Each structure stands twice: as structure tokens, then as C-alpha cells.
Amino acid sequence: MPESDSASYKNSSTAAKEIDALNDFRPHPLCLGGWLQTISVKWMKPQLDLESRADAVAVSIPDDHTPPDEMSGFYFPATDNKADKPLVTIFHGMGGHALSRYMRSAGERLNANGYDVLLWNHRGAGRSASKCARFHHPGLTADVCHLTEYLKEERPEWTRNGLACIAFSLGANLLLKYLAESGSNSNFDAAVSVSAPLDMKITSQNLQTGSNRVFDQYLLHKQCDELLRSSAELTDDERATLSSVSSVWELDDQFTGPRFGYEGAKDYYAENSAIDSLQQIRTPTLLLHAKDDPVVVPEVFEGIAWDDNESLHPMLCESGGHTGFLSHDRSRWHETAAIAFLDSTL
């Protein structure tokens, strides 16, 4: 891997030999530190949108419930350098949706590098909200199975060159859980995780400390707005709970955990965090994380025996925040890294 101009931002990676032409991350000089990097996603101005792309295809996939929920997404074919490259699905994080700025930005970069993309709404998010009575959580891998099987069986023209995935934050936990549970039978040929909260208990606790409480409240309100949608199947007591919880931990302890059959937040986090199942992954997977991520503490990332699984390729940067990675040249370094990894792996 080429040397960067700043050795202080040197990455540590077992995947370095496989990622050609990837320079170390150097943050933008006006965006130093984890918090600025994290909020820099608000400065994104991607050009990719439904209005400007007549070739975009809205996708709606009913699940197997009665009556069915309908999950949705948007397919954007590659705009340049068309080649025999796989379709890349992109999963959003907590409070996001398929057309969030960081989702469209990643899709735009992938399109320009020859990749078709599918920007995906998790159950109840974005345009899935009005057609989903049930709920999503970051361990609900059945939805990933349903999506990938649909794409393979019903959209073979899209997946004829394979299928890959890039996922952000809690969406990355979902991706990693799916990869672990499916093992060698995964429907993805390669995957990229960006700022995954590998241990959700530690992450939720961290959100309740210091200035992180601001982000905790932001995520809480975004998630409660999604859960309280008019189409949701909620009892009066559940609606009251969602209106009264004061932190992400309380949300998961009093609503999410019990709703999915867990005793509370600790039980829910223990069963659904990806950290304990990473060694089961058999799909080539790049995991990007920053030491100054204010949401996900680096100690969790650093404490994993990465060398025990040759399918896992961790890259821990000195800076980047939580899904930020705004580079000195104003590009998004995680997008560059993901494309380099997919190109070299596939």
C-alpha cells in the first residue's frame, strides 16, 4: 500500500496487500477530530437522485407474513466504466434510509466506477414505512436472506456478475451477523462494513457519556419517529413507552428487546451483536473503523483476534469519526477504500 504524506494517519490492516492504489486516510484540515468527521455527513451533496436518473428502478419486495410487509429500495445502474462487476447493495444505519445523503454518495461513487447499486430501506424505513407494520432490528438477518434470495431468483439480470454489500453503522452489524450465520453459503461475494457497532451493549453505554449524549438523543428521536409511524402495529402501552424513553438504551430495554422476545437491552444486545460470531464469516469482508469514532469505542475493534480468520480484513484509522472519513481532497475515503477492496477481491 502506498505511503501517504502523513505517517501519523497510518492504517493498520491485514488487507493492505490486497488493496491496490489505496492511500492512508488523511482527514480534511478543516475537519479534524471524531465529532467533526461524524457530522461532516451533513455536508454531503451527492448528485444521485431519483429526479435526475430516469434509469432508476424502484423495487418493492413483499415478505412472507400475512398480510405482507413490503420492503423497498432503488436500483441505479452504473453510469461509467461498465464492466462485469457485481451488483452492490447498500444498507443504512439507525435512523437512516435508502436516500440518505451518505447512501446516495456511496451509490454515486460506485456507479461512476462501473458498479450497479441497490440502495436499500430496512423494514419500516424510508419508503418502506407506509407499507410495513412490523419492525426491523440489527440482528434480523431473515430480511437479508429474503432480499438476497429475491435478487438472485427474480432479478438475475442484475446479479449475473455476483452480489456484494456495503453497510453503515447498525446496518453493518446486520450485514456481519448475516455473513456469520450463512458462512460459506452467503449470497454475497464480498462485503464492506463501515463503523459497525460490533458490541451493541458497549456502544449503547458509550452513547450515554459526556457529549455523546447529543448523538444519543439524535438517534433516539430519529428511531422513535420511525417506530411511531401510522402503519406500525403498536399497542397503546408501546406507544406510551416510545413517547417516554429518554435514551437509546431505554428504547432497547423497554421496547426493542421485549418486542422481539428478549428480557431487556442486555439480553437483546448479547444475542444480536456481531462481535461473538465474526470468526464464522467466510465471505471476504473489509471492516473500516476510526479510533476517534465518538460512537463506537476503538477498544472493541482492537480486541478482536483478526488473524484467526483470513476472510476478515480490518482497517483501523487514526481518524474518520463515525461513518465520516472526509479526506483532505474532499472525497470520502471509505468509498475509495470500499471500491479498491471490491475491485481487488472480485
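Biologist: What kind of model is it, and how are residues numbered?
Modeller: It is a predicted model, where local features need pLDDT of at least 70, side-chain atom pairs count only at pLDDT 80 or more, and totals for chains, interfaces and linings use all residues. Residues are numbered from 1 along each chain as its sequence is written, and side-chain values use heavy atoms, with hydrogens and water left out.

Biologist: What is the average pLDDT of the chain?
Modeller: The protein chain averages 91, and 94% of the residues score at least 70; pLDDT is the predictor's confidence in each residue, from 0 to 100.

Biologist: Where does pLDDT stay under 50?
Modeller: Over residues 1–16, for which the model has 42 contacts beyond four places in sequence. Contact means heavy atoms within 4.5 Å. Where pLDDT is low, the predicted coordinates should not be read in detail.

Biologist: Pockets next. What volume does the largest pocket have?
Modeller: About 890 Å³. A pocket is an open set of points on a 1 Å grid over the protein atoms alone, where a 1.4 Å probe fits, with protein on both sides within 12 Å along at least five of seven lines; lining residues have an atom within 4 Å of a point. Grid points are joined across faces, edges and corners, and the volume is the space filled by probe spheres set on the points.

Biologist: Which lining residues are closest to the centre of the largest pocket?
Modeller: G93, M94, G95, G96 and L219, out of 49 residues that line the largest pocket.

Biologist: And which element gives the most to the lining?
Modeller: α7, with 8 residues. Helices (H or I, at least four residues) and strands (E, at least two) are DSSP runs, numbered from the N terminus.

Biologist: How does the lining divide by residue type?
Modeller: Into 25 nonpolar, 18 polar and 6 charged. Ala, Val, Leu, Ile, Met, Phe, Trp, Tyr, Cys and Pro count as nonpolar, Asp, Glu, Lys and Arg as charged, and the others, Gly among them, as polar.

Biologist: Changing topic, which peptide bond is cis?
Modeller: The one from T66 to P67, with omega near -10 degrees. P67 lies in the loop between β2 (57–62) and β3 (70–76).

Biologist: What about phi at T323 and R330?
Modeller: T323 has a positive phi of about 60 degrees, and R330 has one of about 75 degrees, although neither is a glycine. Most residues other than glycine have a negative phi.

Biologist: Is each of those two buried or exposed?
Modeller: T323 is buried, at a relative accessible area of 9%, while R330 is exposed, at 67%. Buried means under 20% relative accessible area, exposed over 50%, partly exposed in between (1.4 Å probe, protein chains only).

Biologist: Where does W120 sit, and what does W120 touch?
Modeller: W120 is in strand β5 (residues 117–120) and is buried, with a relative accessible area of 3%. Beyond four places in sequence, W120 touches residues including I61, M71, F91, M103 and L147.

Biologist: And S193?
Modeller: S193 lies in strand β7 and is buried at 1%. Its contacts beyond four places in sequence are A167, A172, L176, L286, L287 and L288.

Biologist: What do the buried residues of α12 pack against?
Modeller: They pack against β4 (87–91), α2, β6 (163–168), β7 (190–194), β8 (285–290) and β9. Those buried residues include W333, F341 and L342.
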